[in-house]
Amino acid sequence: MAVVEEGVEPLREGAYGTKVVAVEPGGIEKIPLADRHGTPLNLFWTWASPNLEFATIYLGVLATLVFGLTFWQAVAAIVLGNALSSIAHGVLSARGPVHGVPEMVLSRGAFGFWGNLLPAGFLSVTAGIGWFAVNSVSASFALNALTDLPTWLCLVVVVLAQVVIAFLGHNFVHSFEKWAFPVLAVIFLVGTVVVLSKSNPGAPAGEGIPGVGTAGGFLLTLAAVFGYASGWNPYAADYTRYLPPDTNRRQVGIFAGLGIFVACTVLQIVGAASVTIGPPASDNPTLAFVDEMPSLLANLTLLAIAIGGVSANVLNIYSGSMSFLTMGVKLPAHLRRALVALTFGVVGFVVASFGLEDAGHKYENFLLVIGYWIAPWLGVTLVDLWLRRSQDYGEILYDRRYANWAGPIAMVAGLVVSIGLFSNQAQYTGLVVRSNPAIGDVTPIVGLLLAAFVYFSLRLPVVRRKDGSYSQI
C-alpha cells in the first residue's frame, strides 16, 4: 500500500490496529486515526518495567560506593534528579497523541530537518548500540549466575529475546512491558524489603572520588541520576503516538512520568542501601547485589534482573531504530523500522560481547556520560515546545527544506562548553574542575541551561515562504 498524504504529513501505511503478534508496518510516518488506540494508564508499566533492572540499581550503588555520599544524602540526590527528569518526560510524552509521530520527528521542529541529524545520530548510537550493550551485559550476568551457562551463551539468549520483541513493534512492546511489570514489581518489592532491613542507613560515607567533596559527590549523583532517567526523554512520544488525539494530555504526562519516577527512585535507593550492608562479595555486579538475600529470593531477583534488562532494551532498539530512520535512510517501506531493529540487534550484540569483561567500570563510565548530550537536546526541545505552545507545526516536520539552525548551534554550544569546562571523568577533566575538583560533575546541568539560553536568544519566528517551504525570518 502506498503512503498517503494528510496535508503534507505522510501517514503510516498498512493495517495494524490492536494486533499484538504482528510486525508493525512502516516506520516514522504519522499514525492514521483508524489505528489510534490505548489508554494513558498503559504508560505507567511501559515506563516502570524497563527501569526495574540492574542498571537502575547500580546507579544507586555508585552514589554511596564511589561518590562518597551517606545513604540519606544519596536519597536526596536520587529523588531530586528523578523528579526533574520525570517531569520533562511527562511534558514530552503529552505531545504524542496530538501529533501522532515519534519524538525524534518532533525534534525536527527545534533543529530543522537536516539539523536534527545531530540529536538523531547521538540517539541511534547511544540507544540502539550503547544502552543495548549495557543492559544486555547485566541481563547476561544475571542469567549466568542463575543457570551457570556460559556468559556468551546467556548473551545470545538475551539478545535474541530483545530483537524479536522489538522487531514485532509497538503493540508487542507495550504488551510485553505490561506482563513483565507484575513479575518485576513483586520480586523487586520483596528484595527491597530484605535489603533495607539489612542495611545501615546511618553508616558513614565512603571515601569517594579523591578530591571531590560532599557537595561535589551530591552534584555527581544528581547529574548521573538526572542523565539516566532523562535518557528516556528522546523516546517519549514514541510510545504515546498511537493514543487517540483527544486523549487527556495531563493523564498521559502523569502516568508516563510516574512510571519512570517510581521505578528509578525505589531501585536506586535500594542500590544505595545495599552498599551499607558490607563490601561486595563478587566481581559479578549482579551476584554481589543478591549476595545477602535468601537463596530463593536471590535466584528470583537474578531472573528479574534478566527480564528487566530485556524490558529496557526492547525500548532502546525500537526507539533507536526510529531515530535512525529520521536521518533520511531509505529502506523497503513495509518493514523499514523492523529491519533497522534487527540490524541494531546484531551490532549491539558485538559491542556487548566486549563489555563482558570488567563490566563494573564500563557500567560506571557509561552511566556517568549518557546525560552529556541529552541535557543540551532537552534544553533546546523544552524551550522550543514552550515557544510553539499555541502553534500547529505538523507540516514542517517532514519538509526537507525546513531549517532551524538555532537548535544545532545551541546544542553544540551546550555540549562543548559544559564538557570542556565541567566534565569530571577518568578520560577527561574539564578546565574548571581541574582547579576545583570538589564541585564534582555538573556537565548535564550546565549543558541544559546553556543550550536553553542560547536557543531562546537565537530562535526567530518561523514563516512560510511563497514556494511553500518553512524557515526562520
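This is a predicted model: local features need pLDDT of at least 70, side-chain atom pairs count only at pLDDT 80 or more; totals for chains, interfaces and linings use all residues.
Residues are numbered from 1 along each chain as its sequence is written, and side-chain values use heavy atoms, without hydrogens and water.

Helix α2 spans residues 54-65 and helix α11 residues 249-275. They pack at about 45 degrees, with axes 6 Å apart. The crossing is right-handed. Residues of α2 in the contact (heavy atoms within 4.5 Å) include Ile 57, Leu 59 and Val 61. In α11, Ala 263, Cys 264 and Leu 267 are among them. By class, this contact has nine nonpolar, six polar and no charged residues.

Now the rings. The whole structure holds twelve aromatic pairs. Rings of Phe, Tyr and Trp (its six-membered ring) pair if their centres lie within 6.5 Å; planes under 30 degrees apart are stacked, over 60 edge-to-face and the rest tilted. Two edge-to-face pairs follow.

| Pair | Centre to centre | Angle of planes |
|---|---|---|
| Tyr 16 and Tyr 242 | 5.9 Å | 65 degrees |
| Phe 71 and Trp 72 | 4.9 Å | 75 degrees |

Tyr 16 and Tyr 242 both sit in loops, so their pair ties together parts 226 residues apart in sequence. Tyr 16 is buried (under 20% relative accessible area) at 3%. Tyr 242 is buried at 1%. Phe 71 is buried at 5%, but Trp 72 is exposed (over 50%) at 56%.

Methods:
Axes are lines fitted to C-alpha atoms, for helices over the stretch in contact, and angles run from 0 to 180 degrees between N-to-C directions. Helices (H or I, at least four residues) and strands (E, at least two) are DSSP runs, numbered from the N terminus. A crossing is left-handed if the near helix is turned anticlockwise from the far one by less than a right angle, and right-handed if clockwise. Ala, Val, Leu, Ile, Met, Phe, Trp, Tyr, Cys and Pro count as nonpolar, Asp, Glu, Lys and Arg as charged, and the others, Gly among them, as polar. Buried means under 20% relative accessible area, exposed over 50%, partly exposed in between (1.4 Å probe, protein chains only).
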